[in-house]
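Subject: The two-chain model

Hi,

Here is the structure I promised to pass on. Have a look at it first, and my notes follow below.

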Amino acid sequence: MAFQFAAFLMAAPMLNAQTPEEKGLEIAKEVDLRDTGFGDTTADMEMLLQNRHGDTSSRKMSMKSLEVDDDGDKSLISFDFPRDVKGTSFLSFTHKVGQDDQWLYLPALKRVKRISSNNKSGPFVGSEFAYEDLSSQEVEKYTYKYIEDTEVDGVEHWLIERYPEDPKSGYTRQLVWIDKGRHIVTKMDFYDRKNSLLKTLEFEGYQQYLEKYWRADRMVMTNHQTGKKTDLVWSNYVFKNGYTDRDFDQRTLTNSR
Amino acid sequence: MRESLFDRLRIRSSVRCGYLLLALGGASVATAAEWSGYLGAEVRAYEESPEHVGQDNGGLATIVFEPEFYAEWEDGYQSIEFSPYFRWDSQDDERSLIDIRELSYLKVAGDWEFRVGISKVFWGVAESQHLVDVVNQTDLVASLDGEEKLGQAMVQVVNISRWGDFSLFVLPGFRERTFPGEEGRLRGGIVVDSDRSLYESGEGKDHVDVALRWFKILGDFDVGVHYFRGTRRDPLFELQVDGGETSLVPYYEQMDQLGLDLQYTKEGWLLKLEAIARDASSEDYSAAVAGFEYTFYGIFGSSIDAGLLVEGHLDERGEDATTSFNNDIFVGTRLGWNDEADTSLVAGVFRDWKNDSMVGLVEFERRLRGSMKLEIEVQKMGSIDPQDALYPVRRDSYAQIGLKRHF
């Protein structure tokens, strides 16, 4: 009892001093920290695009990503389906501050083209995911505000709000539900530039890798304004492949399939 | 049904790849091998009757088949690629072709890369002309935009360092440019006779060309510099009269070329420059294409991207240039719908600012369903000045519709 009281005394001044903005940032940093050190990963992705009539089409691709110290991650996505875009690859260097760098490889011409990263709010391959939804989620790319503690399906969560720093973002704000125990995002609401609810993203089937890193098997993005939906299904996660910057350069992009 | 066919192809190809691995020393690492490619059919109609004697007066149909076999092992650090190319044309025998676009082996070893075989490389940044892209010969009859290339035998060695990527190309076996035959459209008044091609080099087609290229990403700049020594890809022509028949015989000179390609990427802007300085026996000249591409993302609250393309073409030779890109400006737009069907449209106009000749083009494509692709292309000759390189083809405006089944 005395021990608990002492702990309370120590914690109380800190909590009082912390603004909702500070607490939001602290939670975001903690989530980021828990996912630090994964090194690199490969995974297969399938996107199932569904329009409001329920018609579906598929996109299949594989993704490699590399954790970069003190900057955003590098990633290389290679398309496999539909077959007319097979071999097309997309290389992205995310930066904590400033614009990302992006290159596209067009296999028919064997051409690498550097492209503008201003497309961040645009749809990724016609899906409900925007480029910015899929790029590396760096703490510095947002400001934060803690909203409340809440329960989702009986699991304790923090609800925080975050605001994109980049004026080119398609969002004014995002509501993020974070599982307190596992420090993982389970749900997000996206508000468009007019501050209307645009999309909801739900994360399903989290699995833990290397006894530390949580990855969802399925991410379901629902667009409330158009009635469209995209299921992103992840499989074959492999960590620690020993990749270096060399596996994410322009040459490798040219040789990738 | 389609899946089962895929599976069968996969099984067959992995068996073959197994043999290949045995041949290469029997590495026991995981191998991925796969066939892909497309079968395409196009029909084209010309707006006007032909200008020149011998040209077929009617539309044409073309069938193209380009399968591709790809196998990699050692996590992609070794791979082979094989891509034969078959084209059949209903109108012009010279447009029918069997080629090997790719048959190469790649080995990546740390900061070194080695490629041996027939392959294709692309250099450059511009959209409306590919000035610095000289390694592969242009398959001119396949498309006028110079984007279709013939396979080129090569040994390519690349070293990647903090100072940039240094590539050395040794290019044996020269490939001749393709030209329309007598029945074909989009040619001059006198038919090019490729069977009698002449070469400045005594070695003819067997002259081994050499190229060096340096490439580096410097912040927002992508920079490439190259030096090429060997046979010119664009021939000069000699008029020959043989038994009352007049023909143009291609004459391939030797040249030294120094070139630069540069792109600056900032926000929605891409600023581009390609320039060459060329030293050949008959002429020394320089040429450049420079311009920009600006993209408005998500116009009018939609998910459509609209790009504005402006590129200026300069050639020191002016009206004597062997190319139509001598004093021209290209203004165009690229629309991307970002939809499920990947619908896109490129439309633009070339205008020669000295003689006011104009050519317009539109390219539209859209995935129908599955992996079927619809491609529509329109090329419209405006008023063409008699001084312009395009004067002989001024009646060759056309519309083309194509379907490609990818597998």
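In chain B, 53% of the contacts with a separation of 6 or more join residues 24 or more positions apart; two residues are in contact if their C-beta atoms, placed from the backbone, lie within 7 Å. Please keep in mind that this is a predicted model: local features need pLDDT of at least 70, side-chain atom pairs count only at pLDDT 80 or more, and totals for chains, interfaces and linings use all residues. Residues are numbered from 1 along each chain as its sequence is written, while chains are lettered from A and ligands numbered from 1 in the order in which they are written.

Chain B has 1 helix and 21 strands (DSSP runs numbered from the N terminus: helices are H or I with at least four residues, strands are E with at least two). Its C-alpha trace spans about 65 × 55 × 50 Å along the principal axes. The radius of gyration of chain B is 22 Å, which agrees with the value near 22 Å for a compact globule of 407 residues (taken over C-alpha atoms; the globule rule is 2.2 Å times the number of residues to the power 0.38). Of the 407 residues in chain B, 36% are buried (20 or more other C-beta atoms within 10 Å of a residue's own; 12 or fewer is exposed, and in between is partly exposed).

B:L374 counts as partly exposed because it has 15 C-beta neighbours inside 10 Å. Beyond four places away in sequence, B:L374 touches B:E365, B:R366, B:L368 and B:L403.

Where do the chains meet? The contact takes 23 residues from chain A and 36 residues from chain B. Strands of chain B that each supply at least two residues to the side touching chain A include β2 (60-73), β13 (254-266) and β21 (398-406). That side of chain B has 15 charged, 11 nonpolar and 10 polar residues (nonpolar: Ala, Val, Leu, Ile, Met, Phe, Trp, Tyr, Cys and Pro; charged: Asp, Glu, Lys and Arg; polar: the others, Gly among them).

Finally, the largest nonpolar core has 24 residues, and A:I27, A:A28, A:I160 and A:I178 have the most contacts inside it (a core is a set of buried Ala, Val, Leu, Ile, Met, Phe, Trp, Tyr and Cys residues joined through C-beta atoms within 7 Å). Its largest share, 4 residues, comes from α2 of chain A.

Best wishes
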